[in-house]
Amino acid sequence: MSEPKACVIGWPIKHSRSPVIHRFWLNALGIAGDYVLQPVEPDTVKAFFAGFRDSGYVGCNVTVPHKEAAFAAVDEMEPVAETLGALNTIWLEGGRLVGASTDSFGFLANLDGAAAGWHADPGAAVVLGAGGAARAIAWALLSRGFAPIHVVNRTPARAKALAERFGPSIRPAGWPDLPTLLPSARLLVNTTSLGMEGQPDLRVDVGALGDHALVNDLVYSPLETTLLANARSRGLAAVDGLGMLLHQAVPGFEHWFGTRPEVTPELRAAVLATLDDG
Ligand code: ATR
């Protein structure tokens with residue numbers, strides 16, 4: 001049998017860090033296999049999935065703009081993907097294409113690893129943004145008993161759509177509402193691109209948060225965002241977004257290569273080194 005090979009598909013695809021993560025694990029675990037970038041032009045994505053069984057790949061990750069096409073292409077999917085209406089990981093099982101969404105898992109595993117006990121006394125949470133990442137995180141927080149979850153978004157319709165999907169525990173809000181929502185929040189998560197290198201600043205008054213609030217930024221470039229730095233200097237627990245990127249890759253690797261890998265400081269350092277390269 002030939003060596004198992006997986007890929008990440010997208011268009012364009014060259015900025016994906018996934019090959020660094022999976023190749024690190026292949027190497028560390030001594031597994032003969034590969035993980036490559038596979039550019040797929042939008043008008044060929046249907047054909048790509050139709051021919052997947054003969055492509056030589058054991059599975060793939062899916063990134064923009066192919067998430068919808070992937071959702072339509074799989075033969076079955078895990079319940080979380082169905083609930084979220086999105087998937088990012090695909091593998092072959094007895095000739096059938098199976099899909100999963102691993103973002104909620106990655107988010108939870110990151111906080112479980114970096115802020116043990118963070119959900120011991122769940123209460124209100126504030127999620128900034130209402131895109132795909134916010135959807136996965138809102139579901140993850142509901143599963144750990146957080147409520148209400150205030151979803152703060154520039155475009156009101158997207159926050160409302162989240163509430164329609166998940167019910168009354170999700171409270172759509174706008175940025176002007178933020179000062180009144182922060183004092184009771186146990187957790188603040190930024191899922192927007194604000195604060196990312198080359199993007200506008202994220203302006204949040206962390207002074208308005210309670211003394212036991214946890215702050216998590218999904219942005220990992222820079223690793224220490226202004227939001228996290230401000231939270232830390234106010235004495236709050238703060239968790240960066242790189243861990244979610246690493247943890248969300250675990251289930252795919254296990255499906256493709258047969259071993260459950262670990263997120264270690266060495267993996268983190270290897271990925272950080274590539275971020276420094278730009
Ligand atoms: P992802 O799938 O990573 O969540 P996305 O679906 O593109 O990405 O969502 C990006 C989020 O960042 C959205 O909530 C977006 O707000 P809108 O829904 O109003 O577009 C938010 N965002 C991006 N740039 C922003 C900006 N300059 N100001 C406020 N919100 C911004």
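This is a predicted model: local features need pLDDT of at least 70, side-chain atom pairs count only at pLDDT 80 or more; totals for chains, interfaces and linings use all residues.

Residues are numbered from 1 along each chain as its sequence is written, and side-chain values use heavy atoms, leaving out hydrogens and water.

**The sheet**
- Six strands make an open, mixed sheet in the order S2-S1-S3-S5-S6-S4; strands are DSSP runs of E with at least two residues, and helices are runs of H or I with at least four, both numbered from the N terminus.
- Strands S2 (34-39) and S4 (76-77) are the edges, each with a single partner strand, so one side of each has no neighbour in the sheet.
- S4 pairs with S6 (residues 96-100) in the parallel sense over two bridges, and pairing requires at least two DSSP bridges between two strands.
- Glu 76 stands opposite Val 98 in S6.

**Helices across the sheet**
- H1 lies across S1 (5-10), S2 and S3 (59-62), at about 165° to S2; angles run from 0 to 180 degrees between N-to-C directions, with axes fitted to C-alpha atoms, for helices over the stretch in contact.
- H11 (residues 250-257) lies across S1, S2, S3 and S5 (89-93), running at about 20° to S5.

**H1 and H12**
- H1 (residues 18-29) packs with H12 (residues 265-276) at an angle of about 140°, their axes 10 Å apart.
- In H1, Val 20, Ile 21, Phe 24 and Trp 25 meet Glu 266, Leu 267, Ala 270, Val 271 and Thr 274 of H12, where contact means heavy atoms within 4.5 Å.
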